[in-house]
Amino acid sequence: MRSLDIDQLKTFLAIAATGGFGRAAEQVHKTQAAVSVQMKRLEEMVGCRLIDRQARHSTLTPEGVRLRAYAARIIELNDEALTALQAPEVAGVIRIGIPLYMQQFFPKLFALFASTHPSVEVEIESLPSKEMLDATRDGSLDLALVTHRSVGQVGEIVRREPLHWVAAHGRDTHLQDVVPLAVYHASSALRSAATDALERVGIPYRIAYSSPSTDAILAAISSGLAIGVLPRCAITSELGALSPAHGFPELPECDISLVVSEGANGPLARALGGHLHECLSSYQIHLDPPEPIQSG
């Protein structure tokens with residue numbers, strides 16, 4: 001019996017997550033031509049079309065949707081086996097900072113790490129990106145995942161998350177003459193992305209709620225008091241996506257970088273840093289796009 005190729009599956013998951021061959025090529029560090037060849041070979045292997053190729057956006061066929069779940073499980077088991085057999089035993093405490101908007105990733109990220117590194121204790125902090133960057137510089141954090149645009153060009157980009165305008169289902173908050181926004185603190189790149197986009201197209205807005213807490217922002221949006229801009233990984237099922245069809249402009253993507261403190265414990269930092277890089281950049285953790293808000 002023939003076997004599926006792990007590298008092809010990783011590329012396939014990147015296309016599924018980014019919606020395009022070009023952006024997937026950046027994520028898996030290949031040329032777009034190489035990505036196309038890989039997908040042609042994968043489709044030949046399984047004997048069916050997996051991807052509908054369009055000019056600006058590629059979507060999965062029904063067969064592709066079925067394969068996506070299998071691909072994520074295959075890659076996860078492959079990586080877990082290699083880590084368990086090849087990685088030297090490490091023990092101790094490692095301190096990491098993670099944005100609160102990534103909370104949907106927490107369980108899977110750290111459950112996988114715990115299964116392969118049972119003697120490591122992970123201490124997690126959630127702070128604004130600039131504070132986490134400062135904490136890696138003064139040594140109070142060993143590693144941090146930070147919003148790239150909030151702290152400048154630092155660290156290594158490990159994931160690119162789509163940003164969405166979001167609102168509560170069944171509410172008309174987005175139809176108000178002056179759009180109320182629920183946003184992060186003033187230094188947040190996500191706040192700037194929202195206000196810059198609205199100003200660019202001339203949509204009036206006001207800051208209705210401002211908080212460093214993702215839970216507070218989600219509460220304001222889900223109750224219909226405001227709309228917001230969030231990366232896909234922060235969006236709960238109570239919220240839906242607004243698009244250009246609703247009159248809202250396109251948004252940039254959100255780059256997430258991994259920063260490692262100079263004084264971090266070498267083996268521990270390499271172990272956790274490598275795990276985070278592999279899980280996030282290879283799109284093992286996949287989240288479907290939010291449901292659109294119904295017009296009218």
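The sections below cover the basis of the values, the cysteines and the salt bridges.

## Basis

This is a predicted model, in which local features need pLDDT of at least 70 and side-chain atom pairs count only at pLDDT 80 or more, while totals for chains, interfaces and linings use all residues. Residues are numbered from 1 along each chain as its sequence is written, and side-chain values use heavy atoms, with hydrogens and water left out.

## Cysteines

The structure has 0 disulfides, a disulfide being a pair of cysteine sulfur atoms within 2.5 Å. Cys 254 is in no disulfide, and its nearest cysteine sulfur, that of Cys 233, is 7.1 Å away. Cys 254 is buried at 3% relative accessibility, whereas Cys 48 is partly exposed at 27%. Buried means under 20% relative accessible area, exposed over 50%, and partly exposed in between (1.4 Å probe, protein chains only).

## Salt bridges

The whole structure contains 9 salt bridges, each a side-chain nitrogen of Lys or Arg within 4 Å of a carboxyl oxygen of Asp or Glu. Among them, Asp 7 pairs with Lys 30, with the closest N and O atoms 3.0 Å apart. Asp 7 is in helix α1 and Lys 30 in the loop between α2 and α3, so the pair ties together parts 23 residues apart in sequence. Helices (H or I, at least four residues) and strands (E, at least two) are DSSP runs, numbered from the N terminus.

Asp 142 and Arg 95 form a salt bridge at 2.9 Å, N to O. Asp 142 is buried at 5% relative accessible area, and Arg 95 is partly exposed at 28%.
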